Amino acid sequence: MSNSPALNNWHPASWQSKPATQQPKYSDPVKLERAVAALGRLPPLVVSWEIEALRERLARAQRGEQFLLQGGDCAESFEDCESDKIAKRLKILLQMSLVLLQGLKKPVIRVGRFAGQYAKPRSADTETRDGVTLPCYRGDNVNRPDFTAADREPDPDLLLRGYERAALTLNFVRALIDGGFADLHHPEYWDLGFLRHARLRDAYQKIVDSIAESLEFFESMSGQRVHAASREDFYTSHEGLHLLFEQSQTRYIERQRRWYNLSTHMPWVGMRTADIGGAHVEYFRGIANPIGVKVGAAMSAEWLQELVQILNPQNQPGRLSLIHRFGHKDIERRLPEMIRAVRATGAQVLWICDPMHGNTETTAGGVKTRRFDNILGEVEAAFRIHADAGSTLGGVHIELTGEDVTECIGGARGLAEADLARAYKSQVDPRLNAEQALELAMLIARQTGTVGRMKKTPSGG
Ligand code: PEP
Ligand code: CO
């Protein structure tokens, strides 16, 4: 069977013989061992048939039949594990997916960056403030963001707290969805209340009305209900960074005869941990989940070709998504060569654009931000470059929140640098707020409509 790790000396701990970057340094190995053993006994958060259902949908997205919307916080925080924040994040993702569905005329696969996005890669191991040097903050699964020695000390028990919060988050998301929250017949459930920009609000209302009209038409014609929400309307993803954590939730499923990471549906390999000979690539090659790989400016075409070969040797449909994040300037130069390189391997992949991580900048005042126009510019360029190359952009990967934060500059309400201080909450990367995220979805929907139409003209292709 494809991806059968038994053939290649793979086992859930085989990564331990390779260099593992971005791992915290724990001072108490006994406590760490105890926490990891406890995690290994806990029941899984997701099951293999959900994972397989997602893989099949991703395979359809590879064929251009569906579109992936992946989004959520850069780093989830334990403190934000509360009903209002979880519901708001779900609402904005649902609103965006409705807009994309209407614009693209294809089913939208919704994958949250949530229920486990608690470990962060960092560019330096330590941080120095006023002459004091402490370990860097690596996400709530590892340590705490406050700048004290106690807060920054990696604590193995946080892995258990993170796992529990992931379970609480997922439980709530699933209960909402089972209760009809994601039902297309009830977009009024997703009202965020603070969509204040009139043009945006009107445009969104038009989309909602048009979907309601279409549903009514088809249902009266066919005598059947068109869309019944199910728990498959939401999948989870997180960066598979903390390898002891990921290993502890890796289980052999007898019926599928394969190993799965059952802490999430779709883990991804981050840009900083994608080395060919490294521990992360070793771990990821053996799990059967659909996986993502971030592709950034530091990656060469040959490196990417090797990754594709190692991570999906059997070329299984839906298995591999490449999430490119070059930035609005570099994408013009770098993406075409990457598309050619992957095509030369004969591999099927799903191309996803992450327009966030190549567009981060620091203001003169030292605040990390991103400009809405650069984010939009990168997505637009991605659609165009893929279409010109006879390839398809099959999804977007966005850092966003359902809250009214001020972390990114621009958008319909014209957030300026001076506004950033007002409601900047992210501990790590700046996120689009709900209004900016919805506006982005609308502009993407319009863009893809154009690209789709362009491709259908007789001279196109
Ligand atoms: C992220 O997705 O938050 C991240 C760190 O991305 P990348 O690995 O692409 O830098
Ligand atoms: Co980020």
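This is a predicted model: local features need pLDDT of at least 70, side-chain atom pairs count only at pLDDT 80 or more; totals for chains, interfaces and linings use all residues.

Student: Where do the side chains of S11 point, and are they buried or exposed?
Tutor: Leu350 and Ile352 point one way, while Trp351 and Cys353 point the other way. All of them are buried.

Student: Which helix lies across S11?
Tutor: Helix H10, residues 331-345. H10 lies across S9, S10 and S11, and runs at about 170 degrees to S11.

Student: Zoom out for me. What's the strand order in the open sheet?
Tutor: The sheet has eight strands in the order S5-S2-S1-S14-S11-S10-S9-S8, with parallel pairing. At the edges are S5 (235-236) and S8 (268-269), each of which pairs on one side only.

Student: How do S1 and S14 pair?
Tutor: In the parallel sense, over five bridges, with S1 covering residues 67-72 and S14 covering 393-399. Within that pairing, leucine 69 stands opposite valine 396 in S14.

Student: And what lies across S1?
Tutor: Helix H3, residues 83-104, lies across S1 and S2. H3 runs at about 160 degrees to S1.

Student: New topic: the metal. What coordinates the cobalt ion (ligand 2)?
Tutor: The donors are Cys74 (SG), His357 (NE2), Glu399 (OE) and Asp429 (OD), at 2.1 to 2.4 Å. Their spacing in sequence is C-x282-H-x41-E-x29-D.

Student: Where do histidine 357 and glutamate 399 sit?
Tutor: Histidine 357 is in the loop between S11 and S12, and glutamate 399 is in strand S14. They are 42 residues apart, so the pair links distant parts of the chain.

Student: Are those two buried or exposed?
Tutor: Both histidine 357 and glutamate 399 are buried.

Student: Since cysteine came up, how many disulfides are there?
Tutor: The count comes to zero. Take cysteine 136: the nearest cysteine sulfur is that of cysteine 74, 13 Å away. Cysteine 136 is also buried, with a relative accessible area of 5%.

Student: What about arginine 113, where is its place?
Tutor: Arginine 113 is in the loop between S2 and S3. Its relative accessible area is 1%, so arginine 113 counts as buried, the cut-off being under 20%.

Student: What does the side chain of arginine 113 reach?
Tutor: It reaches the backbone oxygen of aspartate 73 at 2.8 Å. The arginine 113 side chain also makes a polar contact with the side chain of histidine 397 (2.8 Å).

Student: Let's do hairpins. What do S3 and S4 form?
Tutor: A hairpin with two residues between the strands; aspartate 130 in the turn has a positive phi of about 45 degrees. S3 and S4 pair in the antiparallel sense over four bridges, and threonine 128 stands opposite threonine 133 in S4.

Student: And S6 with S7, how many residues are between them?
Tutor: Four, and arginine 257 in that turn has a positive phi of about 55 degrees. S6 and S7 run antiparallel and are joined by four bridges. One bridge partner pair is isoleucine 253 and arginine 258, the latter in S7.

Student: Last one: why is helix H8 largely enclosed?
Tutor: Because eight of the eight residues of H8 (279-286) are buried. Among them are Val281, Tyr283 and Phe284.

Student: What covers the buried residues of H8?
Tutor: The cover includes helices H7 and H9, along with strands S6, S7, S8 and S9.

Methods: Residues are numbered from 1 along each chain as its sequence is written. Chains are lettered from A and ligands numbered from 1 in the order in which they are written. Side-chain values use heavy atoms; hydrogens and water are left out. Two strands pair if DSSP finds at least two bridges between them. Contact means heavy atoms within 4.5 Å. Axes are lines fitted to C-alpha atoms, for helices over the stretch in contact, and angles run from 0 to 180 degrees between N-to-C directions. Donors are N, O and S atoms within 2.8 Å of the metal (3.2 Å for Na, K and Ca); water is not among the atoms, so sites may look incomplete. Buried means under 20% relative accessible area, exposed over 50%, partly exposed in between (1.4 Å probe, protein chains only). A disulfide is a pair of cysteine sulfur atoms within 2.5 Å. A polar contact is a pair of N or O atoms within 3.5 Å; within protein, one must be able to donate a hydrogen and the other to accept it, and residues adjacent in sequence count only if both atoms are side-chain atoms.
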